[in-house]
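Here's a quick briefing to read alongside your model.

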Amino acid sequence: MANPQIFLASKSPRRRELLEQIGVRYAVIAAELDEIGLPGETAAHYVMRIALGKARAGRVLAAEFPDLPVLGADTAVIIDGHILGKPQDAGDAAAMMRLLSGRMHRVLSAVAVVGTRDRQALSISEVVFRTVTPREAQAYWETGEPVDKAGGYGIQGLGALFVSELRGSYSGVMGLPLYETAQLLAAEDIELLARTDQLKEPRE
């Protein structure tokens, strides 16, 4: 993207889509990071640590552009105290869907911006699933949508068919909480609505 305002330390197409939704110009950098949890680490600490780690790794890769902030993010689906990552195969996806079916789970989405200083924010949402039958779970897996999604579903896609209630941030469940992201970017003097070229004249 021409004249980026920030670097995005993520390969997630959903995070790119969300940044584009709010008019942020970005360049992607592939920051690799060991995402294994630490002994006794809480889910909140985990996602915050990984998001900041991605942003800091991206800062190293983008060292020749010190004036551009680097954004990192991480999202985890939590149920029964366990973090559900991306399903490894159809059996893993089916097991995740059995856990989520007919119940409430939490989605923790952390965002970090490394610029003039390190800044972080955390979004916590509650998602309620209706009962999902084994046949539906198998059919959903066969669409290919769950493969690269934490918790094995995407709320912005066919996974929305299973969501009966959402309390919190829709964009956070997608993978990048836009309210918190905008606040962190504003602290780096990236004020989105101040860009008059994006605002249309009101109709009379």
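**Backbone and aromatic notes**

Aspartate 80 sits in the loop between strand 3 (70–79) and strand 4 (82–84); helices (H or I, at least four residues) and strands (E, at least two) are DSSP runs, numbered from the N terminus. This is a predicted model, where local features need pLDDT of at least 70, side-chain atom pairs count only at pLDDT 80 or more, and totals for chains, interfaces and linings use all residues. Residues are numbered from 1 along each chain as its sequence is written, and side-chain values use heavy atoms, with hydrogens and water left out.

**Positive phi**
- Most residues other than glycine have a negative phi.
- Aspartate 80 has a positive phi, near 55°, and is partly exposed at 47% relative accessibility (buried is under 20% relative accessible area, exposed over 50%, partly exposed in between; 1.4 Å probe, protein chains only).
- Aspartate 189 also has a positive phi, near 65°; it lies in the segment after helix 6 (178–187) and is exposed, at 67%.

**Aromatic pairs**
- There are four aromatic pairs, counted when ring centres of Phe, Tyr or Trp (its six-membered ring) lie within 6.5 Å; planes under 30 degrees apart are stacked, over 60 edge-to-face, and the rest tilted.
- Phenylalanine 129 and tyrosine 153 have ring centres 4.8 Å apart and planes at 70°, so they're edge-to-face.
- Phenylalanine 129 is buried at 2%, and tyrosine 153 is buried at 5%.
- Tyrosine 140 and phenylalanine 162 are edge-to-face too, with centres 5.2 Å apart and planes at 85°; both are buried.
- Phe129, Tyr140, Tyr153 and Phe162 make up one aromatic cluster.
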